[in-house]
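Dear colleague,

I am handing over the structure below, and I would be glad if you could look through it alongside the notes that come after it.

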Amino acid sequence: MIIMKKAIRLVNSKITYYLFTALVFVTVFCLLGERGYLLWKDSPAYLAFDGRTGIVPVYPILLQVNRMIFGEESFLYAVVAEQTILTVICILAFTEFIRKRFRLSYLASYPVLLFSIFMPFTTNYPLSISNHDIMTEALAYPIFYLYMICFLKCIFDKKYKDIVLMVLMSVILALIRTQL
């Protein structure tokens with residue numbers, strides 16, 4: 001009984017939670033799926049940056065800026081690194097918001113963290129993890145978590161600044177991917 005209580009206390013500790021989070025992030029976003037980047041059927045349209053109808057500007061601009069900074073040989077690897085960092089930050093922000101808003105213990109926060117990581121980022125697994133894709137989804141999915149924070153704050157707090165932030169996040173999402 002004492003061992004069980006100590007085990008629960010250990011799993012429910014802040015340090016264990018964040019170590020577990022780091023381990024899961026590294027495993028899912030760095031070790032699973034495609035090594036490097038993965039080009040899909042629509043990727044050339046974003047890479048061309050030639051004003052095609054239906055292509056919204058943010059993702060092609062991100063690709064072009066990275067191409068200018070890192071060069072033709074390695075810019076897509078830089079994009080994947082940036083997408084991975086953004087994904088980790090957005091998931092962590094969302095799960096921390098949920099944990100604090102609902103006063104969840106660290107133990108109760110593990111499922112929130114795991115669901116946030118595995119949906120939607122692993123929908124194409126084992127072929128890829130979405131942060132490795134050269135597609136708008138790689139930016140839109142993590143940014144959607146920030147949108148959800150703003151949306152939930154609007155519902156719970158009912159503050160004008162939260163409504164403005166939610167509208168701003170909606171515009172950003174629409175400039176990344178119109179289907180969200």
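The notes below cover a helix packing and the salt bridges.

This is a predicted model, in which local features need pLDDT of at least 70 and side-chain atom pairs count only at pLDDT 80 or more, while totals for chains, interfaces and linings use all residues. Residues are numbered from 1 along each chain as its sequence is written, and side-chain values use heavy atoms, with hydrogens and water left out.

Helix α4 (residues 58-101) packs against helix α6 (residues 137-157) at an angle of about 30°, their axes lying 7 Å apart; helices here are DSSP runs (H or I, at least four residues), numbered from the N terminus, and axes are lines fitted to C-alpha atoms over the stretch in contact, with angles running from 0 to 180 degrees between N-to-C directions.

Four salt bridges are found in the whole structure, each being a side-chain nitrogen of Lys or Arg within 4 Å of a carboxyl oxygen of Asp or Glu. One of them joins glutamate 96 to arginine 99 (2.8 Å, N to O), and because these residues are three apart in helix α4, about one helical turn separates them.

Another salt bridge pairs arginine 177 with glutamate 137 (3.3 Å, N to O), linking distant parts of the chain, since arginine 177 lies in the segment after α7 (160-176) and glutamate 137 in helix α6, 40 residues apart.

Best regards

Technical notes:
Helices (H or I, at least four residues) and strands (E, at least two) are DSSP runs, numbered from the N terminus.
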